[in-house]
Amino acid sequence: MSEGPVLILGARSDIGMAVAHTYAALGHPIQLAARNAQDLEKAKTDLEIRHQVSVTLHEFDVVDLDSHDGFVETLPASPEIVVCAVGLLGQQENDEQDANAAVLVMRSNFEGPANILGALANRFERRGSGTLVGISSVAGERGRATNYIYGSAKAGFTAFLSGLRNRMAKKGVHVVTVLPGFVDTKMTQELDLPEKLTAQPSEVADAIERAVRKKKNIVYVKPIWAIVMFVIKAIPEAIFKRMRI
Amino acid sequence: MKLSGWGNHPVEDCNVQKPRDKAALKDAVIASSAIARGNGRAYGDSALSRTNTIDMRSFNHMLGFDPETGQLIAEAGVLLSDVISAFLPQGWFPAVTPGTRFVTLGGMVAADVHGKNHHIDGSFGSFVDWLDVVGTDGEVTRCSRTENSELFEWTIGGMGLTGVIIRVACRLRPVETGWIRQTTHAAPNLDAAIDLFEEALDATYSVAWIDCLSKGENMGRSLVMLGEHASHSEIPEKCRATPYPTVAKQKLNVPFNLPGFCLNRYSVRAFNALYYWNGSRSDRTSYVNWNSYFYPLDSIQNWNRIYGRKGLAQFQCVIPLDQARTGLNDMLTEISEAGQGSFLAVLKRFGVQESRFSFPMEGYTLALDFPVSEKSIALVSKLGQMTADYAGRVYLAKDSCLAAQDLKDMDEVRVANFSAMRERTGVNKQFSSMQSERLML
């Protein structure tokens, strides 16, 4: 049985790499897309040795919107599944004072990912099949003082994915929104994360594979996060604005 | 953070760094006196440093494989379990494997691990072609039997004390299936067990479970288990559908430390009697899959927690061949009189091994574990002294309480040479573990 290719956008991220391993283990050819893609040669070899699948590297810059169409054209095969693991956490306190930095966070988490998934969605729509997975964030569920620049961009991305899913629902194309919560990755290595709420990248990857297979729409990786966010969203704004969370 | 070896004893507050690339590793190494840590399967304090423990698990890429020679090149943080997952379906198996597959290749080199085939194939080091080692300056040196051979020889079995192993080239063995043909032989006492081992020197794998609580004429009663890689044509019909069986995800787990009283001389004695009776009903041949043959405990996550919160003290020694019967007899007498139930007690014949600082030597090795208590620590110390009396050795990957003097008594020349090498090359200033400090290496 030959499995369809899986394209990973933001392949250098820990979650992106974990997703690559999960699908490679199932026999899918893997397309790794990232900036400075040639640096991923070691990861490519590792995937090929471990899983006996073909792996290709593709130069991709999410904020360079003009390059997106060309990027899609140069893929060796049209992917069956696309996982967008692109993300930039930024530094909230710094970014509040630095417009360029703030805009980069917004473009990296919303504009770029939305544009590339939109471009791929148009092709999937014509083909009438495919799955698009967007890794958004629980930070997009409600803006908080400590990370609202990142959070607002993720909120935009979540809304975009929701709309795209709605548009594609009758076209044979499925869209999955993943809200991982805390994940133990390079992005969060400076943060002191609570163990029970923190997932490993491999858990996120397994959750994504399951969600794609079962055609889930919105998935939290750890179920506890659905409860946490339900509570956080239920707090009245008058109280919420005084809280430090 | 609080850190310990697999024995959960001792537990220490350690400063841990987890570098992700070569540059970060260099910074980590030169920061202060350091020890590399793999997957934390050494039992005691071999991979603990209060000031600078370097977690190597981000170095987990496989870099190349040559199907002509079976040579795998991989970063040191790659787990043996991943090697098996990747290569068994292609007909390759580790040439030497310890009793758990959740070890890193770097850890396997550092402890120069042995398996049930030591009497024929020697230790893991025999299958290592070359190593890349990060030295005191943070730079990488490649070493092999012909290139920087001193570094190579000291690093195998050097417990991470010659530098940080970053890449390993080692050979796998071709296998026709993932099944093992196992035969079990009952030995009513120690002498009979040793006789069985001596008769079975041609068997690829041999190991014995030994009952350490039985006394008198039953002392040292054992089940000697021999194994061979099964060929495709010999495996039973039902195994042929899966010549390379895979492991299901771990289901059994010990979610928390059991109360310390669960393992005592009565429960262990009852278990031992039942296990021996079951194994001795007849000499049997069966086909078992590689996972339950080599890694029976791996199927229970966190099995170390059955020893309770205080943890377990492991002890493993080897007694030279000519002293083995007398030495083991004395040790078993000591153990059964102390009444300290060792739940897992293993006896194994070692073959000849020439190496600088590795544990194995020709003779018999005895491995035991005890729940940590004042009495069991005293027993382990006593067994350490007895090992010295019989000119044997203790396995540092399992040790957490040997005294520096006892190590010296066992192995005066080798220990002195090791320390002298550390001094001469300056690695003693840059690489040390709590164990090396305790043992004054």
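**Entry 1: domains of chain B**

I began with the domain assignment of chain B, which gives domain 1 (2-55 + 424-438), domain 2 (62-174) and domain 3 (179-407). I note here that this is a predicted model, so every value below is a computed one.

Next I looked up how domain 1 and domain 3 of chain B sit relative to each other. Their centres, taken over C-alpha atoms, are separated by 28 Å. Domain 1 of chain B puts 13 residues into the contact, and domain 3 of chain B also puts in 13 residues. On the domain 1 side, I find four nonpolar, seven polar and two charged residues.

**Entry 2: the three-stranded sheet of chain B**

I then turned to the strands of chain B. Three of them make an open sheet with parallel pairing, in the order β3-β5-β4. Which strands are at the edges? They are β3 (16-17) and β4 (35-37) of chain B, each pairing on one side only.

I followed one of the pairings residue by residue. Strand β5 (residues 53-55) of chain B and β4(B) run in the parallel sense and share three bridges. B:Ile35 has B:Thr53 of β5(B) as its bridge partner.

**Entry 3: a cis proline in chain B**

What is the peptide bond from B:His9 to B:Pro10, cis or trans? I find it cis, with omega near -5°. B:Pro10 belongs to the loop between β1 (2-4) and β2 (11-13) of chain B.

**Entry 4: the eight-stranded sheet of chain B**

Chain B also has an open sheet of eight strands, and its pairing is antiparallel. I wrote down the order as β16-β12-β14-β13-β19-β20-β18-β21. Here the edge strands are β16 (284-289) and β21 (393-394) of chain B, which each pair on one side only.

For a closer look I picked strand β13 (residues 205-210) and strand β14 (residues 222-229) of chain B. These two pair in the antiparallel sense over six bridges. Across that pairing, B:Ala208 stands opposite B:Val224 in β14(B).

**Entry 5: α6(B) against α10(B)**

The axes of helix α6 (residues 190-199) and helix α10 (residues 324-338) of chain B come within 10 Å and cross at roughly 140°. An angle over 145 degrees would count as roughly antiparallel, so this pair is put down as oblique. The crossing of α6(B) past α10(B) is right-handed.

Which residues make the contact? From α6(B) I list B:Leu190, B:Asp191 and B:Ile194, and from α10(B) I list B:Ala324, B:Arg325, B:Leu328, B:Asn329 and B:Leu332. By class, that is five nonpolar, one polar and two charged residues.

**Entry 6: helix pairs of chain A**

Over to chain A. Helix α5 (residues 99-127) and helix α6 (residues 148-168) of chain A have axes that come within 8 Å and cross at roughly 10°. Angles under 35 degrees count as roughly parallel, so α5(A) and α6(A) get that description. Residues of α5(A) that meet α6(A) include A:Val105, A:Met106, A:Phe110 and A:Leu117. On the α6(A) side, A:Tyr150, A:Phe157, A:Phe160 and A:Leu164 are among them. I find 15 nonpolar, two polar and two charged residues in this contact.

Helix α1 (residues 14-25) and helix α7 (residues 201-213) of chain A pack at an angle of about 55°, with their axes 8 Å apart. α1(A) and α7(A) are therefore oblique to each other, and their crossing is right-handed. Among the residues that meet are A:Ile15, A:Ala18 and A:Val19 of α1(A) and A:Val204, A:Ala205 and A:Ile208 of α7(A). The classes here are eight nonpolar, three polar and three charged.

**Entry 7: a backbone check in chain A**

I also looked at A:Gln52. Phi is near 55° at A:Gln52, a positive value in a residue other than glycine. A:Gln52 is in the loop between α2 (41-51) and β3 (55-59) of chain A.

**Entry 8: where the chains touch**

How many residues of chain A are in contact with chain B? I find seven residues of chain A, in contact with eight residues of chain B. The chain A side of this contact has two nonpolar, one polar and four charged residues.

Note on methods. Residues numbered from 1 in each chain as written. Chains lettered and ligands numbered in written order. Predicted model: local features only at pLDDT ≥ 70, side-chain atom pairs only at ≥ 80, totals over all residues. Axes fitted to C-alpha atoms, helices over the stretch in contact; angles between N-to-C directions. Helix = DSSP H or I, 4+ residues; strand = E, 2+ residues; numbered from the N terminus. Parallel < 35°, antiparallel > 145°, perpendicular 65-115°, else oblique. Left-handed = near helix turned anticlockwise from the far one by under 90°. Contact = placed C-beta atoms within 7 Å. Nonpolar A, V, L, I, M, F, W, Y, C, P; charged D, E, K, R; others polar. Domains from an automatic or database assignment. Pairing = 2+ DSSP bridges.
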